[in-house]
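Please look over the fold shown here.

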Amino acid sequence: MHIDSHHHFWKYSPAEYGWMTDALAVIRRDFGPADLEREIAAAGIDGVVSVQARQTLEENDALLAHAESHDFIQGVVGWVPLIDPGVGDDLEKLAQRPKLKGVRHVLHDEADDDYMLRPDFNRGIGMLQDLGLVYDILIFEKHLPQTLEFVDRHPGQAFVVDHVAKPKIRAGEMSPWRERIAELAKRPNVYCKVSGMATEADFQAWTPEQLKPYFETVLSCFGPERLMFGSDWPVCKVAVEYGRWAQIVRDWVSALSEDEQERILGGTAVEAYKLS
């Protein structure tokens, strides 16, 4: 089974999606399950994991409602106020819904680069393991030093790094991202998504050859058993269409064994998110 481990849904409004600048005008519209179902059918993808795009509890209800009425949506990564003293109640309620597989916070938009090291944030993270929930790490490459410390505080917690930790692809820089992502990959409880790469490059001028060294780095560091395909649709549309991105990743993994290809294209996501 081929799984897209990372996509979003939204009903667009300027107030809730202020991060969509003029450069992202192509995605300033609604995107729902029917839109995605057409994309995955054409690309040969069997199932998906929906990831939060708003930091509200209402976002969980919206995503889980979609998942509970569409079989191809196999899991949801939602959002909870992890620094809130009452977050345990929110998590307990959400964990009763089987398609809730994890949570995420938009760390790279926090003014404080050390936000993930806050004691209250870590208290919230500490509740996830017993509930069987994954934590998705959304950062820029500059946050990798803090991420190493953060992950080491929670050795039993499953983590998934979104978008290969957003290296400086547009500038063509490999270091220090390469060395730091390699260090993070030494932690066996950390997975990584091959997603969000074209949008870290020049939207119009990027090439697969420009991105491939970043893919080869995470492949070498995490191995196929901890690497998973993700589209970042519809955000990806500003730089690449769904089907083209899926084909690029398939081309990159084509030299691997069949078992290794199946891990990256589906098996790793099934394992990490406990998909059925």
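Pro176 sits in the loop between S6 and H6. The model is predicted: local features need pLDDT of at least 70, side-chain atom pairs count only at pLDDT 80 or more, and totals for chains, interfaces and linings use all residues. Residues are numbered from 1 along each chain as its sequence is written, and side-chain values use heavy atoms, with hydrogens and water left out. Helices (H or I, at least four residues) and strands (E, at least two) are DSSP runs, numbered from the N terminus.

The bond from Ser175 into Pro176 is a cis peptide, with omega about 5°. The loop between S6 and H6 also holds Ala165 and Lys166. Ala165 is not a glycine, yet its phi is positive, about 65°. Lys166 is not a glycine either, and its phi is positive at about 45°.

Buried or exposed: which is Ala165? Ala165 is buried, because its relative accessible area is 0%. Lys166 has a relative accessible area of 14%, so Lys166 is buried. The cut-offs are under 20% relative accessible area for buried, over 50% for exposed, and partly exposed in between (1.4 Å probe, protein chains only).

## The loop between S8 and H8

A cis peptide bond also links Trp233 to Pro234, with omega near 0°. Pro234 belongs to the loop between S8 and H8. Cys236 lies in the loop between strand S8 (227-229) and H8. Cys236 counts as buried because its relative accessibility is 4%. Leaving out residues up to four places away in sequence, Cys236 touches Thr199 and Ser231; contact means heavy atoms within 4.5 Å. Glu200 is 36 residues from Cys236 along the chain, and their C-alpha atoms are 9.9 Å apart.

## An exposed loop residue

Gln204 is in the loop between S7 and helix H7 (208-222). Its relative accessible area is 71%, so Gln204 is exposed. Gln204 and Leu82 are separated by 122 residues in sequence and by 37 Å in space, C-alpha to C-alpha.

| Residue | Relative accessible area | State |
|---|---|---|
| Ala165 | 0% | buried |
| Cys236 | 4% | buried |
| Asn122 | 9% | buried |
| Lys166 | 14% | buried |
| Gln204 | 71% | exposed |

## Around H5 and the cores

Helix H5 (residues 144-152) has Leu144, Gln146, Thr147, Leu148, Phe150 and Val151 buried. Against which elements do the buried residues of H5 pack? They pack against helix H4 (119-125), strand S5 (134-137), strand S6 (159-161), helix H6 (177-185) and strand S7 (190-194).

Phe150 shows this packing in detail. Neighbours within four places in sequence aside, Phe150 contacts Met116, Leu117, Phe121, Asn122, Ile125, Tyr135, Ile137 and Phe159. Asn122 is placed in helix H4. Asn122 is buried, because its relative accessible area is 9%. With residues up to four places away left out, Asn122 touches Met116, Leu117, Phe150, Arg153 and His154.

The largest nonpolar core has 83 residues, and Tyr135, Phe150, Met197 and Trp245 have the most contacts inside it. Helix H8 (residues 242-253) gives the largest share of this core, seven residues. A second, separate core has twelve residues, including Ile3, Val49, Val51 and Val160. A nonpolar core is a set of buried Ala, Val, Leu, Ile, Met, Phe, Trp, Tyr and Cys residues joined through side-chain atoms within 4.5 Å.

## The whole chain

The protein chain has nine helices and eight strands. Its C-alpha trace spans about 45 × 40 × 40 Å along the principal axes.

Of the 276 residues, 57% count as buried. Among contacts between residues at least 6 apart in sequence, 79% join residues at least 24 apart. The accessible surface comes to about 11200 Å², with 50% belonging to carbon and sulfur atoms. That area is from the Shrake-Rupley method with a 1.4 Å probe.
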